[in-house]
Amino acid sequence: MPIQDGAADPVLNEARRRPPGHVSHGLEARVPFLDRDLVNLAGRIPIEWRLPGELGQEKALLREAFTGWLPEDLLWRTKEQFGDGSGTADVMTERAAHLVPEDDWADERVAGLPAPRTREELAYQRMFATRLAGVNSHVLGRFATA
């Protein structure tokens with residue numbers, strides 16, 4: 001069944017979520033995997049073909065399609081957390097160390113949130129509590145980087 005225009009259209013919704021900052025710099029963002037025909041085709045692929053590969057990598061079918069076109073070590077590498085892959089992990093750790101001193105950070109609790117596992121997680125919890133006071137704490141959850 002083709003995707004319909006409107007609120008239930010994941011392609012349109014994803015396009016709306018993209019930050020418009022690139023436009024202010026004279027750039028045009030391209031999102032080839034949001035092409036309607038490609039999204040409709042992907043929706044018809046059997047679910048068992050969309051499951052992770054033998055080594056657990058996501059998008060196994062897409063990776064298999066590029067076999068021979070891309071180096072194997074690049075094609076089948078494991079996924080990294082955003083901070084590790086983008087190089088921001090060290091920056092965030094240093095910033096957290098500045099925001100949350102070493103002394104007794106593990107004993108501190110932010111009301112309504114789980115006990116922090118790292119200084120970085122506590123820094124994010126503090127920011128959440130300060131800047132988003134009144135927002136249900138269930139939307140925050142745990143931080144992946146902890």
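Buried here means under 20% relative accessible area, exposed means over 50%, and partly exposed is whatever falls in between, using a 1.4 Å probe and protein chains only. This is a predicted model, where local features need pLDDT of at least 70 and side-chain atom pairs count only at pLDDT 80 or more, while totals for chains, interfaces and linings use all residues. Residues are numbered from 1 along each chain as its sequence is written, and side-chain values use heavy atoms, with hydrogens and water left out.

**View 1. The whole chain, for orientation.** The chain has seven helices and zero strands, with helices (H or I, at least four residues) and strands (E, at least two) taken as DSSP runs and numbered from the N terminus. Of its 146 residues, 16% count as buried. Take the contacts (heavy atoms within 4.5 Å) with a separation of 6 or more: 30% of these come from residues 24 or more positions apart.

**View 2. Lys59, in the loop between helix H2 (36-43) and helix H3 (60-65).** Phi of Lys59 is near 60°, a positive value in a residue other than glycine. With a relative accessible area of 52%, Lys59 is exposed.

**View 3. Glu64 and Trp76.** Glu64 sits in helix H3 and is partly exposed, at a relative accessible area of 48%. Twelve residues separate Glu64 from Trp76 along the chain, and their C-alpha atoms are 9.1 Å apart.

**View 4. Helix H7, end to end.** Helix H7 covers residues 119-131, and at 1.5 Å a residue its 13 residues should span 18 Å; the end C-alpha atoms are 18 Å apart, so the two agree. The expected span is 1.5 Å times one less than the number of residues. Look for the buried residues of H7 at Glu120, Glu121, Leu122, Ala123, Gln125 and Phe128. These buried residues pack against helix H6 (89-99).

**View 5. Where H6 meets H7.** The axes of H6 and H7 come within 8 Å and cross at roughly 70°. That makes H6 roughly perpendicular to H7; angles of 65 to 115 degrees count as roughly perpendicular, under 35 as roughly parallel, over 145 as roughly antiparallel, and the rest as oblique. Axes are lines fitted to C-alpha atoms, for helices over the stretch in contact, with angles running from 0 to 180 degrees between N-to-C directions. On the H6 side, the contact is made by Met92, Thr93, Ala96, Ala97 and Leu99. H7 brings Arg119, Glu120, Ala123, Tyr124, Arg126 and Met127 to that contact.

**View 6. The largest nonpolar core.** Eight residues make up this core: Ala96, Val100, Trp105, Val110, Leu113, Leu122, Ala123 and Phe128. Its largest share, three residues, comes from H7. A nonpolar core is a set of buried Ala, Val, Leu, Ile, Met, Phe, Trp, Tyr and Cys residues joined through side-chain atoms within 4.5 Å. Zoom in on Trp105 and you'll find it touching Val100, Pro116, Arg117, Thr118, Arg119 and Leu122, not counting residues up to four places away in sequence.

View 7. His138 belongs to the segment after H7 and is exposed, with a relative accessible area of 70%.
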